[in-house]
Amino acid sequence: MSRLVVISNRVAVPKARGAAGAQGGLAGALNSALKKHKGVWFGWSGNESKKPSGTINMQRSEGVTTATIDLTPQEVDDYYNGYANSTLWPLFHYRLDLTRYERETAKGYERVNERFAESVTPLIEEDDLVWVHDYHLLPLGERLRSRGLKNRIGFFLHTPWPPTRLFVSLPSHERLVKTMLEYDVVGFQTQEWLESFLHYCQKELGAQVNEDTGEIVYGGRKCIARAYPIGIDWDHFQAQGQTEDARTAEKRLLASTRNRIAMIGVDRLDYSKGLPERIDGIGRFFDQHPERVRDLVFIQIAPPSREDVDSYQRIREELEQKTGQINGARSDVDLVPIRYVNRGYSHAELFGFFRASKIGMVTPLRDGMNLVAKEYLAAQDPEDPGVLILSRFAGAAAQLPDALLVNPHSPDDLAHAIDTALDMPKAERIRRYNASVATVQNDNVEAWTEQFTADLAGGAI
Ligand code: F6P
């Protein structure tokens, strides 16, 4: 088996792997992939150093070698806060209203990709498979090729890929996609994002595209683009569910909600997650059913994210305001309808919280996949499972059609789904759970890694 070199913006160095909600699904997923392939994981340390230093910090733990570099404050501003999170992230989540186009940050993004290429090249051996992740590093493959790397190099996008009509608003759209065609395999979460990408390659670049095989021929090179829906680490998550921490968390939540049904949401504090819209839906539910305020308590866990980016500061303020309004209007001396928590929890604690919650609310406005939806299902008691309310705009909806699918933009739709979930008979909850849980268990992170790396190793071409 070839060694795997994973390159991503963030690397979950062992001591920082605690708050699952804060780091997103990617970090956990890659950690399991690397353990199996005995690889190296390269990326940004998350730290800043005043001057660019050539130092690579190497650590080895549980069979995984991590190699990280610091970035300068200017690099973090241009590359991470700027181009990655103020241009590509909003654009890829269909938020043209929040998308900023700045030539300076675009240059900084290119420079950091070049620095990544320069630093990681000496760590790559001849037979290694190289797997690059996410929108921070779209041009990295081309930068590695320009250094003479002949290895098989793959790329996986964890976010959606926008429709061509939106994507062409990016000033450098052609150049960016041309760099992506230097990879051997390009992976997307769903068929929908894959089709948008193939459409772009065909219509805008004039590439030769085979829609059945995903083969793209352009400029004398051949690349394969396919959908590989990411899954959770089922075994690890179940093991976490057996711990004392999980049991304590479950008991804590049950004791504090007593006779009320707990409904839970766990999301990074990000505008793509549809949090204010979710609160509006809950507000609408209480407006329509004021008598049910004693039936339900909503727990929103939302660890802060990308706090130096304006749009993230605004979403935080908006959410605090909306939550405050509902709690102000609907609370009583012994009752607060919404508990809003700005911190992350371990996987074990989340398992316990999910198990204690009879409704899971996962309602992003747009999401590449969303692993919280899968974790919620994985934590349920098969004999008495809860109900997953899931946005039809999350990648996970394509795999979980038996969840209660909703339009997160519509407060009425959300209110109706809450009402339906609260009254859903046990037999129907079990039917929906059984229809969903097999894909969560089988299409897990291990299967995802195996499929992608098999294609990268040569199986796809
Ligand atoms: O899933 C998308 C993603 O950007 C991942 O790449 C990342 O690990 C996660 O969200 C958390 O975001 P950030 O690294 O910006 O804190």
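Does D128 count as buried or exposed, going by relative accessibility? D128 has 4% relative accessibility, and because the cut-off for buried is under 20%, D128 counts as buried. The structure is a predicted model.

The structure holds 36 salt bridges. One of them pairs D128 with R3, and the closest N and O atoms of this pair are 2.7 Å apart. D128 lies in the loop between α3 (103–120) and β5 (129–133), whereas R3 belongs to the segment before β1 (4–10), so the two are 125 residues apart and the pair links distant parts of the chain.

R226 is partly exposed, with a relative accessible area of 26%, while D455 counts as buried at 12% relative accessibility.

## A buried pair and a network

D270 and R268 form a further side-chain salt bridge, with an N to O distance of 3.2 Å. D270 is buried at a relative accessible area of 0%, and R268 is buried at 11%.

Salt bridges also link E110, E114, E142, R143, R147 and R175 in a network.

Strand β14 covers residues 359–362. I359 and M361 point one way from this strand, G360 and V362 point the other way, and all are buried.

β14 runs parallel to strand β11 (residues 261–266), to which 2 bridges join it. Here M263 stands opposite I359. With strand β15 (residues 387–391), β14 is joined by 4 bridges, and these strands also run parallel. L388 in β15 is the bridge partner of G360. From β14 the chain crosses through helix α13 (residues 371–378) to β15, in a right-handed β-α-β crossover.

The chain is divided into domain 1 (4–231 + 445–458) and domain 2 (234–442). Taken over C-alpha atoms, the domain centres are separated by 29 Å.

At the interface, 29 residues of domain 1 are in contact with 27 residues of domain 2. The size of an interface is often given as the accessible area lost when the parts come together. Between domain 1 and domain 2 the buried area is about 2,100 Å², and carbon and sulfur atoms give 62% of it.

Definitions and conventions. Residues numbered from 1 in each chain as written. Predicted model: local features only at pLDDT ≥ 70, side-chain atom pairs only at ≥ 80, totals over all residues. Heavy atoms only, no water. Buried < 20%, exposed > 50% of the residue type's maximum accessible area, 1.4 Å probe, protein only. Pairing = 2+ DSSP bridges. Right-handed = clockwise from strand over helix to strand, strands pointing away. Domains from an automatic or database assignment. Contact = heavy atoms within 4.5 Å. Buried area = accessible area lost by both parts, 1.4 Å probe. Salt bridge = Lys/Arg side-chain N within 4 Å of Asp/Glu carboxyl O.
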